[in-house]
Amino acid sequence: MDEKIAPHLEELTRALGDLEKTGIRAEFEKLIAFRVPPDIAKESILRKFGEKKRILKVKDLSANLKNFEFTGRILDLGEKSIRSQAEAQEKPSRLYTGVLADETGSVQFSSWKELPGSIGDVINVKNAYVRIWQNRIRLSIGEQSLVSKISDSLLPSLSELSASQKKKLIDIRAADFSVDTVACILQLSYREVLVKGRQSRVISGVLADETGRLPFTSWIELDGIDIGSIIRIDGAQVRIFRGMPSVNILSSTKVSSVGPEEAEKLAFTFESVAKDPVPIKIEEIDSRDSMFDVSVAGNLVSVRPGSGIISRCPECSRVIQKGNCRVHGKVEGIWDMRIKAVLDDGTGSMSVTFPRELAETIYGKTLEEAEQLMFSDVSKDAVYEDIKRFLTGRYLAIRGNSSKSEFGISFVAESAWLPEEDIAVRIVELLRRLGSDEEDGSDKSSQVSRGGIELA
Amino acid sequence: MLKREVAKRVFAREFEACRELEKSERPDSEATDSKTPNLLISPLGLILNRVFVVGVVTELDNIGTQSEMWKARIVDPTGAFTVYAGQYQPEALIFFSTVQVPSFIALTGKARTYEPEPGSVFVSIRAEEVNVVDEEIRNRWIVDTAEQTVERLEAFSDALASGYHGEELREYLLGRGISSELTEGIAIALQREYSRGEFAKILRTSIREGLKTLDLDSENSTSAKADQKEFVLELLKEMGGSKGVDYAAFIDSAASRGIPEQVVEEVIHALLAGGQCYEPKIGIIRLVG
């Protein structure tokens, strides 16, 4: 038996490194014990651990990544004992938590293993993964991760990394533990929420600089700061809100107004950032995990099933089938209309959801009119078919938020319009780029008459 | 999870010059299982699977024997796409069995190649979704496609002029902000035995002429020529309707209303190139729509 599996183990070692330490060998042997043929077992091990060897930086971290290598300096380290109820009798497990940083940012981590270093040391983690915990990205070090201490590292020193990093809004990622930025307040609103049983006032709004926009929430009062103010934020936290990084201002965050002289040196003003976003390519949206308040123009290449008239549960607004809500059972549904479509501009494609108000605008029929169509036709898909006939192939510009998942980009449209009529300008520019060709008569009329003669 | 293939914008001239991209040539070796889509590569390095095309449908044939199979020709300013819809594309099948010829249509579909014998390759589209659209959308598609093609042409010429190969070329192109997909495509295209610069030159000329037919429209709409064009168009509608009109008879009757032959020829040629009218038979002009 051993002779049979030896070559496979050798191959695995070549591909994955030390099998013993990472527990891969144990896993392989478990499969063999279940009488899985060795070559199949090898394949599934390779699929699970192999992939491509990825070395990531803090800025690359996003939800649900696994199997990557990471090197960072420990900025903070703590220890907790965790006792789950089921195993109350047993020895509590220890969880090590803290912050790791590299030159691109800092991230919280939790480890089920004791780390081979302390604050200030640089560690290398193989087979790390990412979990979302309390709406924040957390680098996780599990049983199968391999952690080693690196004594001579090129990473910046502890003091350099501890000073939280100044970032433009576009560079703020979901993984960032703490950020400093200078931005202009574009929107601001107050709401009352219950925090730990106490009524408190939170401020939410939108920040902007010359690179982009991000939502923010402040848990503290912002005195003398209003829409149009340019502020400096030091030590804000980043949380994930609806799949989007959001800047959180806490009591530990320092917020100050930027004076007029300093503001002049900035690359933006309130007027410049308050303008509507310029349409970007879908390619650019695809290169990021999420984007807040951007606009895109393309063709609706496909209207997806599930568009048209839908019925929602009156309690929870979930879409219901045949009057049955997943949570509330038999209910009297409320009619609603939405359109789900694929927008494609040739550089990328994304799935866009248009809520009722927008669906009515781009389809040109109100919910009531669509209902009439639905009741007057025998086919239950009459409205869907009609929307398809009306929209497939059309041009549309939209504005809203994007987020990426394993199914591609999803975009929730907040407004939609027909792209501007700018064809003549674009043609002139194109002709300039194409240049004039020697062999071909540059005179327009000569070409035309050439064709004309053929025709006659 | 497989991501949806992007619908590439490509002119017929470049599309029909596409060839299959062998699995071994593909950039990411991990994606070579059975689920990977068929990929084609153009002489300029465009890698494609799905396309989005807007043009004029000029021919329709039901070529199926046992089950229905429609073959359509869709014309753009540089040439024509051949499109098939069979029993596995039921929606497109119904569409083609009812659509008026000619009309402006928008279509998404998957690129296919067929090589009955070595050396002769037929590139076609298997239709997915089709719809009737207006001329405005067609014009926009031409400009969009021209922009993306010109970008490709510029990157390709740049790569050719640089004289780099392989890894060096990839680094060079990525450094110039070219997307990784196009970089890979150009590197592969340059390795193949293509006519290299020749094709780029032909395509350039073809696009320029296609754009000029559009440009002519917008220019004329502001000048006095526009009125004459309007008039010719009106006359064409009046005389021919949807049946079409004899070209010689049309010239005579235009001349009798004070429009010189040269202007009529110019207008008709522009209309033909712009896809607003076509010749069902030699010497007969018929308006689209």
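Predicted model: local features only at pLDDT ≥ 70, side-chain atom pairs only at ≥ 80, totals over all residues.
Helix axes here are lines fitted to C-alpha atoms over the stretch in contact, and angles run from 0 to 180 degrees between N-to-C directions.

## A helix pair across the two chains

Helix α12 of chain A covers residues 423-434. It packs against α3(B) at an angle of about 30°, and the two axes are 10 Å apart. Angles under 35 degrees count as roughly parallel, so α12(A) and α3(B) are roughly parallel to each other. The crossing of α12(A) past α3(B) is left-handed.

On the chain A side, the contact uses A:Ile423, A:Arg426, A:Ile427, A:Leu430, A:Arg433 and A:Leu434. On the chain B side, α3(B) brings B:Asn139, B:Arg140, B:Val143, B:Ala146, B:Glu147 and B:Val150. By class, the residues of this contact are seven nonpolar, one polar and four charged.

## The wider interface

In chain B, 41 residues are in contact with 36 residues of chain A. Several elements of chain B each supply at least two residues to the side that touches chain A. The strands are β1 (7-8), β5 (50-62), β8 (103-117) and β9 (120-132). The helices are α3 (135-162), α6 (197-220) and α9 (261-274). The residues on this side of chain B comprise 17 nonpolar, nine polar and 15 charged.

## The two chains

| Item | Chain A | Chain B |
|---|---|---|
| Helices and strands | 13 helices, 23 strands | nine helices, 12 strands |
| Buried residues | 31% of 456 residues | 39% of 289 residues |

Along the principal axes, the C-alpha atoms of chain A fill a box of roughly 85 × 70 × 70 Å.

A:Asn127 is not a glycine, yet its phi is positive, near 65°. The residue sits in strand β5 of chain A, which spans residues 122-133. Is A:Asn127 buried or exposed? It has 22 C-beta neighbours inside 10 Å, so A:Asn127 counts as buried.

A:Asp293 is another non-glycine residue with a positive phi, here about 50°. Its place is in strand β15 of chain A, residues 290-303. A residue is buried if 20 or more other C-beta atoms lie within 10 Å of its own. A:Asp293 has 20 such neighbours, and therefore counts as buried.

A:Leu266 belongs to a loop. That loop runs between α6 (260-264) and α7 (270-274) of chain A. With 15 other C-beta atoms within 10 Å, A:Leu266 is partly exposed. Leaving aside residues up to four places away in sequence, A:Leu266 touches A:Val182 and A:Ile230. Between A:Leu266 and A:Glu210, the C-alpha to C-alpha distance is 9.1 Å, although 56 residues separate them in sequence.

How many of the 10 residues of α4(B) are buried? The count is one, and this helix, residues 166-175, is hardly covered. Just after α4(B), B:Gly177 has a positive phi of about 85°.

The crossing is right-handed. From α4(B), the contact takes B:Gly166, B:Leu169, B:Arg170, B:Leu173 and B:Leu174. From α5(B), it takes B:Ser180, B:Thr183, B:Ile186 and B:Ala187. The residues of this contact divide into five nonpolar, three polar and one charged.

Elsewhere in chain B, the peptide bond between B:Val101 and B:Pro102 is cis, with omega about -5°. B:Pro102 lies in the loop between α2 (90-98) and β8 of chain B. Strand β8 (103-117) is also one of the elements that supply at least two residues to the side of chain B touching chain A.

How values were computed. Residues numbered from 1 in each chain as written. Chains lettered and ligands numbered in written order. Contact = placed C-beta atoms within 7 Å. Helix = DSSP H or I, 4+ residues; strand = E, 2+ residues; numbered from the N terminus. Nonpolar A, V, L, I, M, F, W, Y, C, P; charged D, E, K, R; others polar. Buried ≥ 20, exposed ≤ 12 C-beta atoms within 10 Å, placed from the backbone. Parallel < 35°, antiparallel > 145°, perpendicular 65-115°, else oblique. Left-handed = near helix turned anticlockwise from the far one by under 90°.
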